[in-house]
Amino acid sequence: MKAVLCKAYGPASSLSLEETADPVAKDNEVVIDIHAAGVNFPDTLIIEGKYQVKPAFPFSPGGEAAGVVSSVGAKVKHLKPGDRVMGLTGYGSFAEQVAADAFRVLPMPDDMDYVTAAGFSMTYGTSMHALAQRGNLQPGETLLVLGASGGVGLAAVEIGKAMGARVIAAASTDEKLEVARKAGADEVINYSEGDFKEKVKALTNGQGADVIYDPVGGDLFDQCMRCINWKGRLLVVGFASGRIPELPVNLALLKGASVVGVFWGAFATREPQANLDNFRQLFSWFSEGKLKPLVSQTFELDQYETALTALSTRQAVGKVVIKTR
């Protein structure tokens, strides 16, 4: 099979597309003939050795995929060859085939295509876990979403609306904010213009946001700690800005606020039933038309460098997907 290989840490330009051996399913694995693979920010980190997961060389990036099961391990009971599936692979999906842990693979909804499914698992799985289990978002609360035009941000906007929240979307350009507004955001903030903290307070009658979804980090995290409501929850999702912020804990004390880590991959592994319940709800909302995943760009497998660059330079709107068939 063909696969994009990382043989040493470096930028996307250091990767190569090569023929390599077909994977073989272990007892608890399935092999998937990949039709499409989602491109995510962790893919840009894992190839540079900046991600918490560090596979042995050589490896393929690509943390999620959609396709057809070609074979199953001896202990796999809920999937069979020929099933249309989607799943979290961690890495390995920028290829024509991948072996994946069966518990991280789900049958695709009948009304979902491969490109949509390839970009669904990580963004919607992350945002659902963040807002439901970690943020305990309640109907009527105000949810502030940073990076609201990106994959996880747009998913958070849609899920927040489906959960009954008032959603304020924040992004760096008016064009990106229009995308978030079309996804259902009630209010928008351009955080490249003016005092972000004061804009949030103006939209919340001076109270601040109840739940803040932050995949950006850096200076924006610092400001979020100053515009969070009493008993608010600030969800640490990622650091797309490049700077991991430090927490002034006195602000958490004064606001009675919680700073809560979100690591969906670990959650899916440790609490598979809760993760499955999340996806049942997500699939239901998708069928009802409440979730409309935005895939803004698709690339062929040999265009992997361009696809990864779109993520690393923060130019992507919605999801970027690589098609392999």
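## Charges and a nonpolar patch

Val-249 lies in helix α8 (residues 249–255); helices here are DSSP runs of H or I with at least four residues, strands are runs of E with at least two, and both are numbered from the N terminus. This is a predicted model, where local features need pLDDT of at least 70, side-chain atom pairs count only at pLDDT 80 or more, and totals for chains, interfaces and linings use all residues. Residues are numbered from 1 along each chain as its sequence is written, and side-chain values use heavy atoms, with hydrogens and water left out.

**The patch.** Val-249 is exposed, at 59% relative accessible area. Exposed means over 50%, buried means under 20%, and partly exposed is in between (1.4 Å probe, protein chains only). Together with Leu-247 and Val-259, Val-249 makes a nonpolar surface patch of about 230 Å². A patch takes residues with over 30% relative accessible area and no salt bridge, with nonpolar side chains (Val, Leu, Ile, Met, Phe, Trp, Tyr) joined within 5 Å and like charges within 9 Å. The areas come from the Shrake-Rupley method with a 1.4 Å probe.

**Salt bridges.** A salt bridge is a side-chain nitrogen of Lys or Arg within 4 Å of a carboxyl oxygen of Asp or Glu. The count comes to 13. Three of them are listed here.

| Pair | N to O distance |
|---|---|
| Glu-48 and Lys-50 | 3.1 Å |
| Lys-319 and Glu-64 | 2.7 Å |
| Asp-83 and Lys-80 | 2.9 Å |

Lys-319 sits in strand β15 (residues 319–323) and Glu-64 in strand β4 (residues 64–72), so their bridge ties together parts 255 residues apart in sequence. Lys-319 is buried, at 6% relative accessible area. Glu-64 is buried too, at 0%. Glu-48 is partly exposed at 32%, and Lys-50 is exposed at 56%. Asp-83 is buried, with 15%. Elsewhere, shared partners join Asp-219, Asp-222 and Arg-243 into one salt-bridge network.

Asp-43 belongs to helix α1 (residues 41–46). A polar atom of its side chain lies 3.3 Å from the backbone nitrogen of Gly-62. Beyond its neighbours within four places in sequence, Asp-43 is in contact (heavy atoms within 4.5 Å) with residues including Gly-38, Pro-61, Phe-94 and Leu-308.

Terms used: Polar contact = N/O pair within 3.5 Å; in protein donor to acceptor, adjacent residues only side chain to side chain.
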